[in-house]
Amino acid sequence: FTMEFPFMWAKSMEIAIVNTFPSKPVYVRLTINSKFRDNPEKRYDDSELIMREILEHGTNSNRGQKSVKRLNYIHSNFNIDNDSYLYVLALFVYVPVKMINEYGWRKLYDYEIDAISKTFIDVGKEMNIKHLPNNYKDFENIIKKTYNIINDSKPDKRSKIIFESILKMFLKPYPICFHNIIKILL
């Protein structure tokens with residue numbers, strides 16, 4: 001989807017990242033060293049570049065392997081539980097498919113959705129994530145399950161701080177008159 005839907009892919013990945021912040025295990029780790037709060041552009045660019053290398057070259061390529069190794073190194077600095085890994089991985093599959101199918105110039109074919117799912121399953125294997133989904137429907141179920149858990153928990157000021165920092169970054173390229181509309185969409 002980086003070739004036919006480059007804008008939708010980029011925006012959906014931004015929305016996927018924003019949707020990680022309501023999950024307490026995720027935002028607690030993101031606030032440990034303040035890097036996401038203080039320099040969200042760098043953190044986002046790092047994540048986007050690593051994912052682009054993996055998606056465009058595959059997990060088995062030399063570039064893909066180097067990117068996965070870097071991704072694993074970055075994550076090794078935090079004690080991340082398997083459910084958090086699964087949730088974030090599921091967001092990277094679910095959000096782009098949903099956005100492209102709802103707002104793209106065409107809907108994704110089943111084989112494209114299967115390919116996206118398989119790619120992220122391969123990424124999950126390289127990251128040693130346990131209990132990986134087998135297909136897109138399994139990713140969708142992870143999102144629905146986690147969404148219900150998140151909605152039942154109380155908001156935390158740390159997640160709000162990270163969210164506000166990331167939101168400023170995402171809004172920066174747009175004229176101020178569009179900021180409230182964009183906030184509603186997120």
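Which residues line the largest cavity? The lining is made of Trp9, Met13, Ile17, Tyr44, Ser47, Glu48, Met51 and Phe92. By class, that lining splits into 6 nonpolar residues, 1 polar and 1 charged. Two elements each give two or more residues to it, namely helix 1 (6–18) and helix 4. Helix 4 gives the most, with 4 residues.

On the numbers: the structure holds 1 cavity of 30 Å³ or more, and the volume of the largest cavity is about 50 Å³. As background, rolling a probe the size of a water molecule over the atoms shows where empty space is left.

A word on confidence. This is a predicted model. The mean pLDDT of the chain is 82, with 81% of its residues at 70 or more. Among the elements, helix 2, residues 24–30, has the lowest mean pLDDT, at 58. The highest, 95, belongs to helix 7, residues 110–126.

Now back to helix 4, which covers residues 40–57 and includes Ile50. Is Ile50 buried or exposed? Its relative accessibility is 10%, so Ile50 counts as buried; the cut-off for buried is under 20%. What does Ile50 touch, leaving out residues up to four places away in sequence? The contacts of Ile50 are Ser67, Arg70, Leu71 and Ile74. One distance to go with that: the C-alpha atoms of Ile50 and Lys69 are 9.9 Å apart, and the two residues are 19 residues apart along the chain.

That's what I have; questions now, please.

Key. Residues numbered from 1 in each chain as written. Predicted model: local features only at pLDDT ≥ 70, side-chain atom pairs only at ≥ 80, totals over all residues. Heavy atoms only, no water. pLDDT = per-residue confidence, 0-100. Buried < 20%, exposed > 50% of the residue type's maximum accessible area, 1.4 Å probe, protein only. Contact = heavy atoms within 4.5 Å. 1 Å grid on protein atoms, 1.4 Å probe; cavity = no way out; pocket = protein on both sides within 12 Å on 5 of 7 lines; lining within 4 Å. Points joined across faces, edges and corners; volume = space filled by probe spheres on them. Nonpolar A, V, L, I, M, F, W, Y, C, P; charged D, E, K, R; others polar.
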